[in-house]
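Student: I have a structure open and would like to go through it with you. May I begin with how its parts meet?
Tutor: Please do.
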Amino acid sequence: MNVKGPELNTVDVRRALPRARLRILETTDLHMQLLAYDYFGDHADAHTGLIHLADQIETLRSGPDDTALLFDNGDFIQGNPLADYIATNGTGGQTHPMVAALNTLAYDAVALGNHEFNYGLPFLENALKDACFPIICANIAQRHGAPIAQPFVILERDLPCDDGMTRRLKIGVTGFVPPQITIWDQSILDGALETDDIIASAQKVIPLIKAAGADIIVALCHSGIGATDHIVYMENAAVPLAAVAGIDVILSGHTHEVFPGDSRSPCHAVDPDRGTLHGKPAVMAGFYGNYLGIIDLQLAHDSDGWQVMAHSVRLQEGAAMDTRSPLQQTLTDQVQAAHLATLAHIRQPIARTEVAIHSYFATIAPDLTQQLLAQAQQNGIAAAMADTAHHDLPILSATAPFRFGGRAGPGHFIDIPPGTVALRDAAAIYPFANKLCAIRRSGSDIRNWLERAASHFRQITPGRHDQPLIDQHHPAYNCDTLFGLTYEFDLTQPARFGPDGSIHNPDASRLRNLCYQGKPVACDDAFIVATNGYRTNGGGGFQGVPKIDILYTSVETTRDVLVAYLRALDTVAQPATPTWQFTPIPNTGAVFQSAPAAKHHLPHGITHVGPDTDGFDCYLITF
Ligand code: MN
Ligand code: MG
């Protein structure tokens, strides 16, 4: 069917057609954030939680003439210590709390995200067995057993029309997940799943949905608003997906952004003001329940069926609450036992620290959170390699920060004061369920790895101080530090890599003075790098590692390795060791954001400027 924008005036005969409204509500990337609680920081967090959206959802679908459909777009079952606690300890025979919440709110359909697969298929199957909603994914196929998801569903709703009649609308709902799940979760999925390209799958499934009688088609796309041109197996395929004929509405997710919004520049295919992709309504509702996505469609019925005549797209923030509504109380009760058990678990002390451990300057200055993780990884790999043919290769350790402010806000940092280090602190340093890997890399592989990390920064103009330091298109979680080496980044040079890992400037180089034990690293030097399975398999748009160079994958998770290391260490006594720095640039500085509390932990060369936007403060680094 044709999608027509509100600016396209309809001919008079159409004005007389009966009209009806359909409202579509989206949550996405909830990551087990049911309650307004930050388990990593162990404090309430009024900006997150499905609970904050619950009453708005009820209000938005309760109008007498409103027909509303509520969808979740995936990444609902993993992502915080509550999720990990349930994955490890089970639910004692109860319905998984997230599934219970989605049941309580009567979701009409739910898509699978990539993180649904982190704990393996048996866990997911078990969690979803109590779901009262269809689970949708069109681009996965299981090798064995009953499918966990269906490629599409047809929902039928009787719409009250403005001529007093009621007419039936059949809504086809399909869903897509990044095909990379079989790579990212290779070790746990072990070949049980196959994935297909999002666009190729859409082209196959849309005719089937049409043949099943759908009047309109909604795509639950757990994939971001990325490049406009289709590349086979692309991770963020929402824009080319919107170009597929037959799809009328796109719900996007996975990248934790908001759309509509000004973070995306407009182009022929993307209208970030109106919220359209290829002219079709599209929404992405952030993450952790911080926003609800709302698409209102005006439909007209003629002899050909239903037409979308107009659409509007908006986001609504979760509402803070003083007292709990009955619905919020029900949602709280359903998760309370697991919530309390999680709190008791994460508050266990595992070590002590004599110095503050924080991530306020995670990509800008030597970072103790990553250094501790790096040492844990390096120890784990040294033990694993001891009796192998590779025992004499130098072991480096690659880490990235995961709590660095950014889109998650100024509360999203690690800040452990001197005193007890608890299990939740290890979860904050490494929030994922990945395994530890040892990979063999050459000196030139290492150079590319660090050039990719250095692309996180903007090119700096000498002689200025008011320029931004960070390139927001290059998230900090792709700015890896390689421990075991010393090096500098010269930011007067352009970046070699683009945000997706493609090479933008093949001749550009920011890396200077790369040394191992004081000696320059040659291109054909060989190293072992301790890293995680996600990076090993090319996660984040990094170069994947050939199988022959993957020397070891741990049985335990990287976080288990970190916890064991901190328990054995007992006391963190030293601040971070400087292993890398920016190349000095005379009379030059740049500004960046960090939390207001970062001013109590200023590293050498960084000064506090003052309050900035979105609750952050502004800081100045002098090169
Ligand atoms: Mn997510
Ligand atoms: Mg995702």
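Student: How many residue pairs are in polar contact between domain 1 and domain 2?
Tutor: Between domain 1 and domain 2 the count is seven residue pairs in polar contact, both residues being at pLDDT 80 or more. A polar contact is a pair of N or O atoms within 3.5 Å; within protein, one must be able to donate a hydrogen and the other to accept it, and residues adjacent in sequence count only if both atoms are side-chain atoms. This is a predicted model, in which local features need pLDDT of at least 70, side-chain atom pairs count only at pLDDT 80 or more, and totals for chains, interfaces and linings use all residues. Side-chain values use heavy atoms, with hydrogens and water left out.

Student: And how many salt bridges across that interface of domain 1 and domain 2?
Tutor: The rule finds four salt bridges there, a salt bridge being a side-chain nitrogen of Lys or Arg within 4 Å of a carboxyl oxygen of Asp or Glu.

Student: Where do the domain bounds lie?
Tutor: Domain 1 covers 12-340 and domain 2 covers 348-622; such bounds come from an automatic or database domain assignment. Taken over C-alpha atoms, the two centres are separated by 33 Å. To the contact (heavy atoms within 4.5 Å), domain 1 gives 18 residues and domain 2 gives 16 residues.

Student: A change of topic: which residues are the protein donors of the manganese ion?
Tutor: The manganese ion (ligand 1) has D29 (OD), H31 (NE2), D75 (OD) and H256 (NE2) as protein donors, 2.1 to 2.3 Å from it. Donors are N, O and S atoms within 2.8 Å of the metal (3.2 Å for Na, K and Ca); water is not among the atoms, so sites may look incomplete.

Student: Which residue coordinates both the manganese ion and the magnesium ion?
Tutor: D75 coordinates both, and the manganese ion (ligand 1) lies 3.3 Å from the magnesium ion (ligand 2).

Student: Are H31 and D75 buried or exposed?
Tutor: Both H31 and D75 are buried, where buried means under 20% relative accessible area, exposed over 50% and partly exposed in between (1.4 Å probe, protein chains only).

Student: Lastly, what does S442 touch?
Tutor: Not counting residues up to four places away in sequence, S442 touches C523 and D525. The side chains of S442 and S444 are joined by a polar contact of 3.2 Å.

Technical notes
Residues are numbered from 1 along each chain as its sequence is written. Chains are lettered from A and ligands numbered from 1 in the order in which they are written.
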